[in-house]
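Dear colleague,

Please find the structure below, handed over for your use.

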Amino acid sequence: MINKIYPGKPYPLGALWDDQGVNFALYADNATSVELCLFNNGKEKKLILTERTHQIWHCYIPGIEPGQLYGYRVYGPFEPENGHRYNPNKLLIDPYAKAISGVIDWHDSLFGYELGNPDEDLSYSHTDSADFVPKSVVIDPHFAWEDDQPPRTPYHQSIIYEAHVKGFTQQHPDIPEKIRGTYEALGHPVTIKYLQDLGITALELMPVHQFVADRHLVEKGLTNYWGYNTIAFFAPDVRYAGEIDSGKQVQEFKQMVKELHKAGIEVILDVVYNHTGEGNHLGPTLSFKGIDNASYYRLVDDDRRYYKDYTGTGNTLNAMLPNVLRYIMDSLRYWIMEMHVDGFRFDLASTLARELHEVNRLSAFFDIIHQDPVISQVKLIAEPWDVGEGGYQVGKFPPGWAEWNGKYRDCIRDYWIGADSMLGEFGQRFTGSPDLYQDDYRKPTASINFITAHDGFTLNDLVSYNEKHNEANGEDNNDGENHNRSWNCGVEGPTDDPEVNKLRDRQKRNLLATMFLSQGVPMLVAGDEFGRTQHGNNNAYCQDNEISWLNWAEADEQLLAFTRKLIQIRKEHPIFRRRRWFQGQPVKAKGLDDIAWFLPEGIEMEEENWNHDFARSLGVFLNGRGLHAVGPEGEHIFDDNFYVIFNAHHEALEYKLPEKIYSKKWKIVMDTSNDEIHEQTLNKEESITVEGRSIVLLHHPLT
């Protein structure tokens, strides 16, 4: 029973419970009236908000408690041609809602216009949508964080692991069945031990903000499994919660973060601030579109009925507008301060940088991020492209940002499949891509190195398929990337041919070893360490099933052991995770360069050697005395010497080792032609045979 309604305050936006009642505040600049709708036992009570401070409508209601379901109905002009799509027949999700009670139940009433009307979205729908829209939930913000502290792992010590909340544990035999696929399962001791044993320092979660599963997918029995279709940027998605009706998903998410932090593992969120799940002019009216369409989206200048689409999803949030910038910043700060996450990977980040049409690296978005004392201190990772003109911006984000390095992925794939590519680019990528980042005063850690990601082939499929096989997506195999830079090693798909399988295993080891020995920050995709397959599907965004879930029962234990050892080598030796660029300069007292490059004949490479597109083989000397780095107490950091031999040629080659000034004795610590990592001393040998398509890592202890 509501007996009193007080004016309340315009800030903070959203619904805030203060132990006595709830303050509600909603930004709606062009609205003429706003109704707060409270739901109890299926019944709706509408309350007209009479208080408005500037563009914010607000009230305070004493006695309301956590778990209260609510939504809004917003009045204003229905003029699509002018960018306004108000329709109070549509119940709207609070953009600042901290929890959502369920998921969309698709129905024609969710659209602001009459489906089937020849005037399309210019028509007006009088059908009420309240029964089909999930409700916003008032939450209890209190949580016993105890002494939780962010791990604050430096970039150069980071091993990032990209995973899907549900897919990672849904089939894990050692996780209790009732919690599989949930936040709780990710914080379970079994999960944490696995990540620790593997050597992971940061868990990068695919979208956990409440998202919309597209109608056309649901009607085909599919869903938006990846979650890149957000509708509530403050709410952890209810699909991954154990309890779905009371807002407990917030508590469950916090507990997951707390447990991971105890284990020293950071939590990075993949966030999608470039668009929402409302689609284009023919999409549903679920939240922003009905609250203030013209104040949230980028509309076509000469016909505001339509949306500018730099994302390929139908709409683009307008990060040039102050209220949208505030919304994004408020969301980021909330996830840092209230949910304790450690960083963000920004999906299609170039979209956020667009001012007018061009991508502008000095846009308001970057300015605000840079000066914010909270957001600027966490990990900020850009996916540096979008689908618009000029959207490929790898290497062009400001200092303070790391980037998914798509050029690294493409180059390393090309190198190991034998495509025509210059050794010069391979050298750039292996050393942290200085051609992309060094001139901008950024460090090697600006490069997030990856071979695979959620989007595309898994590592296993990269060496098992020449073509995509996306028939299960229901789009006649027309979706997904066509140019995968993959090689099936002679047979398309699974085979019993032992030689083909042996080559595939070697190629997987080559790709993993290259990534973990490269300068920069490695990102491993969940399951690649044990040979996960999606059976050739390179766009499994709609597959919430065995295609996408990790199959723990068929894990390749030998590949898993190899990956663990690789990560251990990287973590034990700072030579593979430098904080400064290689200079190619002699190191004092030794006269040796911090890095040197050799031809198979054992002589140093000349400038012309880098430009041969047929060259597949080289050796790299890494000088442990050339780190030019100090520890936390100012002590100089040194490491052992290493020599890495890459042979992407299909036949074995004889490599003459560098002269004795580099080392009098080497030990083989890794050879990807074998599936085990073990040490073997070379006894006064001057040369070594390296099998075709393999890497040999030689080690000489610091003396």
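Helices (H or I, at least four residues) and strands (E, at least two) are DSSP runs, numbered from the N terminus. The model is a predicted one, in which local features need pLDDT of at least 70 and side-chain atom pairs count only at pLDDT 80 or more, while totals for chains, interfaces and linings use all residues. Residues are numbered from 1 along each chain as its sequence is written, and side-chain values use heavy atoms, with hydrogens and water left out.

I begin with two points of backbone geometry. Most residues other than glycine have a negative phi, and most peptide bonds are trans. Serine 433, in the loop between α11 and α12 (434-437), has a positive phi, near 60 degrees. Tyrosine 11 and proline 12 are joined by a cis peptide bond with omega of about -5 degrees; proline 12 belongs to the segment before β1 (14-17).

Next, the sheets. Two strands pair if DSSP finds at least two bridges between them. With parallel pairing, 8 strands close into a barrel in the order β11-β12-β15-β16-β19-β20-β21-β22. On average, and ignoring direction, neighbouring strands of this sheet are turned by 30 degrees against each other. Strand β11 (residues 160-163) runs parallel to strand β22 (residues 521-525) and is joined to it by 3 bridges; isoleucine 160 stands opposite methionine 523 in β22. Helix α5 (residues 249-262) packs on this sheet and touches β12 (202-205) and β15 (266-271), where contact means heavy atoms within 4.5 Å. The direction of α5 makes about 135 degrees with that of β15; axes are lines fitted to C-alpha atoms, for helices over the stretch in contact, and angles run from 0 to 180 degrees between N-to-C directions.

An open sheet is formed by 6 strands in the order β25-β26-β27-β32-β29-β30, with antiparallel pairing. Its edges are β25 (595-598) and β30 (680-681), each with a single partner strand, so one side of each has no neighbour in the sheet. Helix α11 (residues 423-430) packs on this sheet, touching β25, β26 (617-622) and β27 (641-647), and its direction makes about 30 degrees with that of β26.

Two helix pairs also deserve a description. Helix α10 (residues 406-417) packs against helix α14 (residues 498-517) at an angle of about 140 degrees, the axes being 11 Å apart. That makes α10 oblique to α14, since angles under 35 degrees count as roughly parallel, over 145 as roughly antiparallel, 65 to 115 as roughly perpendicular and the rest as oblique. Tyr408, Ile412 and Trp416 in α10 meet Gln507, Asn510, Leu511, Thr514 and Met515 in α14. Helix α14 also packs with helix α15 (residues 557-572), at about 15 degrees and with axes 10 Å apart; the two are therefore roughly parallel to each other.

Finally, the structure holds 56 aromatic pairs. Rings of Phe, Tyr and Trp (its six-membered ring) pair if their centres lie within 6.5 Å; planes under 30 degrees apart count as stacked, over 60 as edge-to-face and the rest as tilted. In one of the pairs, phenylalanine 233 and tyrosine 327 have ring centres 5.7 Å apart and planes at 85 degrees, so the pair is edge-to-face. Phenylalanine 233 lies in strand β14 (residues 230-236) and tyrosine 327 in helix α7 (residues 322-337), so this pair ties together parts that are 94 residues apart in sequence.

Yours sincerely
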